[in-house]
Amino acid sequence: MAKKKKRDRGGSAESAGAVEIEAPAREPAAEVSARATVASAAVDRFNPFGDPRAQRLANVFIALFLAYMLAMPLRYYLGGRGLDERFSWRMFSSVRMLKCKVEVDEHLERDGDTRERKVNLTKEVQVAWIGLLERGRPLVIEKLLARRCAQPADQGAVVQVDYHLTCVAPDGSAGPSVDHHMKCADRRLASGRGEP
Amino acid sequence: MNELFHGPHGASRSYLFQKTFLLLLALDAWALMIGHAGRYGAAGFNAAHFDWLDAIQPLPTNASYIGVLLLGGLLSLTLMITGISRLLMAVLLVLYTYAWAMSLLDSYQHHYFVSITLACMVFFPKLSARDVHPTEIEGGKKRAARELERAHGIEQRGWVFCALAAVILAIYAAVDSKDRVFTLFFACAGALAACVVWVAPKVAAQPVMARAFGWNLLGAAVCIVYLYTALAKTDPTWTAGHTIQRIGSVKNDLAWAVEWAEAFGLTAQQFWSLFATVVIPQELFMAAAYVCAVVRDREPSKLLDAICWIAVGLGIALHVGAEAMHLEIGWFSHYMLLFAATYLLPLSAVDKLAIVLTWPGRFLLQRVDAWERQAPGKVPAVLTVLGSAGAVLAAAYFVDLPGALATGAIAAMALIAIAGVCLARGIDPRRWGMATACAAGLMWIAIAASPVRWDYYRFRAGDLDKRGELEAALEAYEHGERYAPPGETRKPKIDAIRRKLEQRAR
């Protein structure tokens, strides 16, 4: 019925739609038609993308925006991003609810001897960063390990820094365990435990 | 695509959303986000959300983070008062996005969502209060006496509705809802609904329609967000009910429901599994409802109305429920309730709700118009802008946070630059000046009335103390004492640090 009315008036779908929302059924057709024109004009007055060229540009933007909205979270599922759930709308996911413990160890070399020591994270960084290390954020891991590599060699030169994460899943079972290391010679973050 | 993204919507929807969202954003930045600023730059460590940003930005500090938030809030509130300027909305988008992107310390996904929303808002229709609710009494000379009387009646009822709604919203904001989140929400929402039905006047026979793709695109974006949140919950650990029990205080809050389910023969694990799994179709339905909401004003139908009404209920269950579970998600629930109110409620109701903003908006517009007419010329405009710049600096000084004064200076200079551009184009800039001064005043009120400065100084001091930076910790604790709420003094900590410092000196 609504569609028939639109066709009968020969107006744009927008103007017809605008009228049909509120127009009382008893109003004479001429009055309704006049109102339709007014409503249409009012609608278009606020439309900055009314002309076809602006609308084409707007459509390009819309397509890019939607592609971004769809692709960004897909990176998590298709890109094997593991613990890094940013930009993927995984609030309160099972990964977010993992309970993890982080340890960072460094290997120091002095006079040909190598020894290992734990990094006191509480003294090293603000406590919120420890939370992020426990969530396995690669950017934070890389920065912290590089920073440890760059520390003054008062007790020996740091040759390698290890990152170790162990997690418990929400159901109490063993969760993922993550190991990274950085050789201070090249300062590249690598997976697994490396030999110093 | 044209019909879906360029179709019309009720002007009051985007108007109400835009104004309230910008207000929420400013208050969120000032009264909540600043509290965490003490983490920024601590121990000289930072990692941004993006490698390229790390490469180009200096190390963020508490002052730079606070500065970006204060400036973003000021711009947001100024835009709320003056109306949309696409260029300045884009600047706000950049400022806000930089606030969270500068450091992984802010990993709240809802801050990313706010950026997505701001990106769509750049393309919202530019609407004034008069556009949404055209003034009834203006041009009254030509009207019949009865019609004029009716218009006066509408005007008066509108003001009564504004006053009642303001009281209800103030009560909702002021009452501590800790253990009665649903009760407070339903009491306030019920009272507001009663006011909409019985007090708010119907302004026009048919609500004004507007068209700009930003509104429709935002609806589609919310749909995608809900789709992915549902997808994230399809893993076996979630559907078995293990994950949901770890969220906030859910396990304790729903202990009664578990007992109730057990009385009906379900095991606790079955209950949690069912409870968790039900969230998935709920979120999928919400996703579909937002698409329906976008087309609803153009193609009204009972089916779309029914879908949107069900989504209102589900939205309340999800987002007021999130508040009841004490999730640490800032004001995300309130942002989402604003989405639900403006997208999912019927247009006639939203049009009446918008009176809360359009009536004061029209009143202010009338006063400013009259002022500009009565005192034309550049001199009063320049004096107003300079006075406003001074007010911004004064407010920034009294905010008493690192980076505030520099931010005030930047805002004052930006205001003067905008005024210069306006004058060069023959536009009177005094409403920009007044709006910025009002925003600065509200910034000071929001910060002074909230515990944000206390949070900032005590969190910072505690962290410095932990890392052995005792002098700086003492300074922060002592500075924060002036903002300590009754009974929360850190005097014992201050004394302990002083003793440690004395021992160290010996």
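Which two cysteines form a disulfide with their sulfur atoms 2.0 Å apart? Select C149(A) and C184(A): that's the pair. A disulfide here is a pair of cysteine sulfur atoms within 2.5 Å.

Before you click further, note that this is a predicted model, where local features need pLDDT of at least 70 and side-chain atom pairs count only at pLDDT 80 or more, while totals for chains, interfaces and linings use all residues. Residues are numbered from 1 along each chain as its sequence is written, chains are lettered from A and ligands numbered from 1 in the order in which they are written, and side-chain values use heavy atoms, with hydrogens and water left out.

**Stop 1: the disulfides of chain A**

Stay on C149(A) and C184(A). The torsion about their S-S bond is about -75 degrees, so this disulfide is left-handed. C149(A) lies in helix α7 (residues 138–149) of chain A and C184(A) in the loop between β4 (174–183) and β5 (188–191), so the bond ties together parts 35 residues apart in sequence. (Helices, H or I with at least four residues, and strands, E with at least two, are DSSP runs numbered from the N terminus.) C149(A) is buried at 8% relative accessible area, and C184(A) is buried at 12%. Buried means under 20% relative accessible area, exposed over 50%, and partly exposed in between (1.4 Å probe, protein chains only).

Next, pick C100(A) and C167(A), a disulfide with sulfur atoms 2.1 Å apart. This link is right-handed, with 105 degrees about the S-S bond.

With the bonded cysteines of chain A numbered in sequence order, the pairing reads 1-3, 2-4.

**Stop 2**

Select C188(B), which is in no disulfide; the nearest cysteine sulfur, in C195(B), is 11 Å away. C188(B) counts as buried, at 11%. Then try C292(B): its closest cysteine sulfur, in C308(B), is 6.0 Å away, too far for a bond. C292(B) is buried too, at 15%.

**Stop 3: rings around helix α17**

Show F21(B) and Y335(B). Their ring centres are 5.2 Å apart and their planes at 50 degrees, so the pair is tilted. (Rings of Phe, Tyr and Trp, using its six-membered ring, pair if their centres lie within 6.5 Å; planes under 30 degrees apart are stacked, over 60 edge-to-face, the rest tilted.) F21(B) is in helix α2 (residues 11–31) and Y335(B) in helix α17 (residues 332–344) of chain B, 314 residues apart. Both residues are buried.

F113(B) sits in helix α6 (residues 109–121) and F339(B) in α17, 226 residues apart. F113(B) is buried at 2% and F339(B) at 0%.

**Stop 4: charges over rings**

Go to W359(B): the charged end of R362(B) sits over its ring, 4.0 Å from the centre. Likewise, the charged end of R430(B) sits over the ring of W371(B), 4.8 Å from its centre. The rule asks for NZ of Lys or CZ of Arg within 6 Å of the ring centre and within 35 degrees of the ring normal.

**Last stop: an exposed ring**

Finish on F398(B), in helix α20 of chain B. At 52% relative accessibility, F398(B) counts as exposed.
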